[in-house]
There are 2 protein chains.
Amino acid sequence: MRRSKARETIIEELQKVKTHPRVDELFHLVRRRMPRISLGTVYRNLDRLRHEGAVAEIFCGDFNRYDGDTSRHHHFLCRRCQRVWDLDGQVALKVELTTQPGDFRIDGEQVLLYGLCRECLEGEGLSHL
Amino acid sequence: MRRSKARETIIEELQKVKTHPRVDELFHLVRRRMPRISLGTVYRNLDRLRHEGAVAEIFCGDFNRYDGDTSRHHHFLCRRCQRVWDLDGQVALKVELTTQPGDFRIDGEQVLLYGLCRECLEGEGLSHL
DNA sequence: TTTGATGCAAAGTATTTGCAATCGG
DNA sequence: CCGATTGCAAATACTTTGCATCAAA
């Protein structure tokens with residue numbers, strides 16, 4: 001794969017943020033540095049970067065999100081504000097295969113917890129729930 | 001919520017299959033019994049059934065899938081044929097919170113393993129991998 | 001009868017693609 | 001130079017929505 005300014009800028013911006021942006025959000029971030037970049041280029045490059053394992057796609061419903069951190073970790077999705085957080089200290093989660101797969105070759109996993117974030121709980125006066 | 005023939009047929013068909021259909025696939029199943037049902041009605045009802053917890057949505061990439069079985073279980077997605085299976089005997093998985101959440105109220109989880117199913121491995125002569 | 005639910009079609013979003021121009025090696 | 005990559009715009013999905021009509025209670 002030939003290197004390109006667009007692809008390098010895309011992955012740099014993605015690794016800079018912790019917000020797990022949607023494609024259009026990342027597009028706007030990249031456009032601050034490359035005003036003429038097109039949305040199609042962002043889609044094309046994210047696809048390639050994902051195939052080579054340089055970025056991770058987070059399946060979270062209507063629009064998917066991207067993560068520049070490909071180390072093994074899990075996410076939390078707020079079903080009200082739709083933001084996604086990394087789970088580290090706040091919530092530790094143990095995921096392990098307890099039997100060997102016979103019918104599938106497993107090469108990845110995606111663990112998504114969902115619910116409401118603190119801000120949304122408080123904003124709706126639901127923190128007592 | 002008032003009962004309706006469409007909604008009842010939708011959930012019946014969804015509970016009948018084990019394939020975790022996409023919305024359009026479920027639409028075709030339901031249409032065999034209700035030829036005049038519209039795709040919009042299927043979307044509307046799946047949305048309501050999901051909100052009341054009668055069906056589960058599986059986030060698995062481009063198109064989401066639905067599951068009539070809402071008991072706690074996890075899924076496997078084949079990244080070649082895009083089919084989704086329930087994980088039960090073949091692969092047992094242990095998922096547990098190891099700390100109490102401080103910043104989030106968690107009400108659900110979604111665990112998706114992905115890779116290649118046996119059929120796709122064999123079909124591509126990759127079963128040795 | 002009342003009002004929620006539906007069919008239909010149009011609108012709204014998200015994503016992909018064709019192609020000529022541009023860039024990287 | 002040559003072929004990969006891009007910008008642009010058009011084409012494709014996919015999903016939601018407005019509204020007149022239908023149907024459940």
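Predicted model: local features only at pLDDT ≥ 70, side-chain atom pairs only at ≥ 80, totals over all residues.

Student: OK, which residues come nearest to DNA strand C?

Tutor: There are 17 residues around DNA strand C, and the ones that come nearest are Arg3(A), Tyr43(A), Arg36(B), Thr41(B) and Arg48(B).

Student: Which side chain has an N or O atom 3.1 Å from a base oxygen of DNA strand C?

Tutor: That's Arg2(B). For phosphate oxygens of DNA strand C, a side-chain N or O atom of Arg7(B) is 3.4 Å from one, and a polar backbone atom of Ser38(B) is 3.0 Å from one.

Student: And which element gives the most to the surface near DNA strand C?

Tutor: H3(B), with four residues. By class, that surface has eight charged, five nonpolar and four polar residues.

Student: Switching topic: where does His73(B) lie, and is it buried or exposed?

Tutor: His73(B) is in the loop between strand E2 (65–67) and strand E3 (74–78) of chain B. His73(B) counts as buried because its relative accessible area is 16%, under the 20% cut-off.

Student: What does the side chain of His73(B) make a polar contact with?

Tutor: The side chain of Asp67(B), at 3.0 Å. A polar atom of the His73(B) side chain also lies 2.6 Å from the backbone oxygen of Ser71(B). Leaving out residues up to four places away in sequence, His73(B) touches Asp67(B) and Asp86(B).

Note on methods: Residues numbered from 1 in each chain as written. Chains lettered and ligands numbered in written order. Heavy atoms only, no water. Near = heavy atom within 4 Å. Polar contact = N/O pair within 3.5 Å; in protein donor to acceptor, adjacent residues only side chain to side chain. Helix = DSSP H or I, 4+ residues; strand = E, 2+ residues; numbered from the N terminus. Nonpolar A, V, L, I, M, F, W, Y, C, P; charged D, E, K, R; others polar. Buried < 20%, exposed > 50% of the residue type's maximum accessible area, 1.4 Å probe, protein only. Contact = heavy atoms within 4.5 Å.
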